[in-house]
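Biologist: I have a new model open and would like to learn how to read it with you. Could we go through it feature by feature?

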Amino acid sequence: MQARLAPEEIDKLIRALARRGYAVLGPTVRDGAVVYDEIEGAKDLPRGWTDEQEAGRYRLKPGPAGALFGYTVGPQSWKKYLHPAQVKLFEADRQDGLFRILGSPAPPARPYAFLGVRACELAAIAVQDRVFLADRFRDPVYGARRTPVFLVAVQCTQAAATCFCASMGTGPEVRGAADLTLTEIVNGEGHWFLAEAGGERGQEVLAELDRQPATEEELRRARTAVESAAAQQVRRMETAGIRDLLYQNFEHPRWDQVAARCLTCANCTMVCPTCFCTTVEDASDVTGDHAERWRRWDSCFTLTFSYIHGGSVRSSSKARYRQWLTHKLASWIDQFGSSGCVGCGRCITWCPVGIDLTEEVQAIRGTVNHGNTDA
Ligand code: SF4
Ligand code: SF4
C-alpha cells in the first residue's frame, strides 16, 4: 500500500534507521554542490536547493521552497561507499625474519542506509552488483558493504539538462529493488511525500511513521510528477544497435575530433556510478619492516592504465576516449549483459570541456553507413 507522509516524517525516518544501527548516508550541501555524507536528521538535507546542469557546468540555486530532494544528482554516487576510492587490502609486518600478513579489509563499523537514491543510481548499483558479485570473481569488499545496505529511493520529479535516463530505460521512475520508495510533491497546494515499502524491512520502518493511505488523486499526482521529469529530458541516447555501431566504427573520424578536445583528465570515470577500474599500489615504511597493499580507483584515461612491459597499449587520447565509450556502451554488454551507462549525465556535467557522450554517439551514428576508415 502507498502512504502519504508529511515532510516532518523524513526526520523520523532518518532517526528510525539510525536506531536500527545504520549509518544513514544522504544528500547534503557542501562546497557548492549536493554531495553524499552521513546525516543526522532532515536538517542536513539540501532543503530548498536545486541544481542547474549543462555540459561542463554545475550550479546550485534556490529551488522549490522547502523541498528536501529538489535536485537531480551531484558529482558523487553511492559507489563511493560500496566501492571506495581506496581500500587497504592488507598490511604485513616483518617478524623474526618473516613477513606476517595482518588482517584483511574490515567492513564498515555500521551497515549503510542510503537515503535519496535516484532511479538511475539504483540501476547503477545493479550494474555494479553484476560486476562485483555476479561475475566469476566475487569482490568481498563490495559484498560486505552491499549486502546489508538499506535503500531509500526518491523518484525524480524534475530532470537536469544532462539527464537521459528515460532513453536508457533506467528512470526517472524507480524500477529497481529498494526498501522504501519516496516521491516528494511540492507545489502551491502543499508539501508531502508518497511512500511505498519494497519489502519487509521497509514495511517495518514505514510502520513507525505517521502516515495515511494515499488517495487515488495523490497517486495520480505523484505519477504525473515523475512523468514530467521524463518529459523534461532534452538529451537522449539512441541505444538500438549501439553495440554493433561502435564495433563497426573503430576508425571513424569523430574519434580524432573528440580526442582534440579531451584532456584525458579522467573526471568522467571518477564521477561515473558504474566505472569500477582500480589499480594496486604497494608501500613500505622507511624501516622496511612494514608494508601495505592498497587498492585505488584508476581510470582507462590514464597512460599508465594500459602500461604493459615497456609501453602503454593506449598511448593516444583518441585510443583512450574510444576505449572508454566503446566499453561503456558496447563491450560492457558482451561482458556483463547490460549497458555500462545508466544515463545519469554526470560525465557530461563534470567534463571540464563539456564532452557529451550522447552527442558523440549521435555523430558516429549520423555517418555510420559512410564511415571514413582512413583515420
Ligand atoms: S571526456 Fe572530459 S572528463 Fe573525460 S577524460 Fe576527457 S576531458 Fe576529462
Ligand atoms: S557514462 Fe556518463 S551518463 Fe553514463 S552512467 Fe557513467 S557518468 Fe552517467
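Modeller: Gladly, and let us begin with a ligand site. The shell around ligand 2 is made up of 8 nonpolar, 3 polar and 2 charged residues. Please keep in mind that this is a predicted model.

Biologist: Which residues come nearest to ligand 2?

Modeller: Out of 13 residues around ligand 2, the nearest are C272, C341, C344, R346 and C347.

Biologist: And which residues are around ligand 1?

Modeller: Around ligand 1 you will find C262, L263, T264, C265, A266, N267, C268, F301, C351, P352, V353 and I355. By class, that shell has 10 nonpolar residues, 2 polar ones and no charged ones.

Biologist: Let me step back to the whole chain. How many helices and strands are there?

Modeller: The protein has 13 helices and 16 strands. Its radius of gyration is 22 Å, close to the 21 Å that the globule rule gives for 375 residues, so the protein is as compact as a globular protein of that length. The C-alpha trace spans about 70 × 65 × 35 Å along its principal axes.

Biologist: What share of contacts joins residues at least 24 apart in sequence?

Modeller: Counting contacts between residues at least 6 apart in sequence, 72% join residues at least 24 apart.

Biologist: Into which domains is the protein divided?

Modeller: Domain 1 covers 3-85 + 109-231, and domain 2 covers 242-277 + 299-370. Their C-alpha centres lie 28 Å apart. In the contact, 27 residues come from domain 1 and 24 residues from domain 2.

Biologist: Which elements give two or more residues to the side of domain 1 that touches domain 2?

Modeller: Those elements are β5 (57-62), α3 and α5 (165-168). Of the elements on that side of domain 1, α3 gives the most, with 8 residues. By class, the side of domain 1 that touches domain 2 has 15 nonpolar, 8 polar and 4 charged residues.

Biologist: How should I think about a nonpolar core, and which residues touch the most other members here?

Modeller: The general idea is that in soluble globular proteins nonpolar side chains tend to be buried together. Here the largest nonpolar core has 90 residues, and A113, F114, V117, V152 and A153 touch the most other members. Helix α3 (residues 119-132) gives the most to this core, with 8 residues. Domain 1 and domain 2 both give residues to the core, so it lies between them.

Biologist: Which residues is A113 in contact with, leaving aside its neighbours within four places in sequence?

Modeller: On that count, A113 is in contact with L17, Y22, V24, L25, F150 and V152. For the protein as a whole, 38% of the 375 residues count as buried.

Biologist: What is the phi of A266, and where does A266 lie?

Modeller: A266 is not a glycine, yet its phi is positive, at about 80 degrees. A266 lies in the loop between α9 (254-261) and α10 (267-271). With 19 other C-beta atoms within 10 Å, A266 is partly exposed.

Biologist: And H309: buried or exposed?

Modeller: H309 counts as exposed, with 4 C-beta neighbours inside 10 Å. H309 also has a positive phi, of about 25 degrees, although it is not a glycine. You can find H309 in the loop between β15 (307-308) and β16 (311-312).

Conventions: Residues numbered from 1 in each chain as written. Chains lettered and ligands numbered in written order. Core = buried A, V, L, I, M, F, W, Y, C linked by C-beta atoms within 7 Å. Buried ≥ 20, exposed ≤ 12 C-beta atoms within 10 Å, placed from the backbone. Helix = DSSP H or I, 4+ residues; strand = E, 2+ residues; numbered from the N terminus. Domains from an automatic or database assignment. Contact = placed C-beta atoms within 7 Å. Rg over C-alpha atoms; globule rule 2.2 N^0.38 Å. Near = placed C-beta within 6 Å. Nonpolar A, V, L, I, M, F, W, Y, C, P; charged D, E, K, R; others polar.
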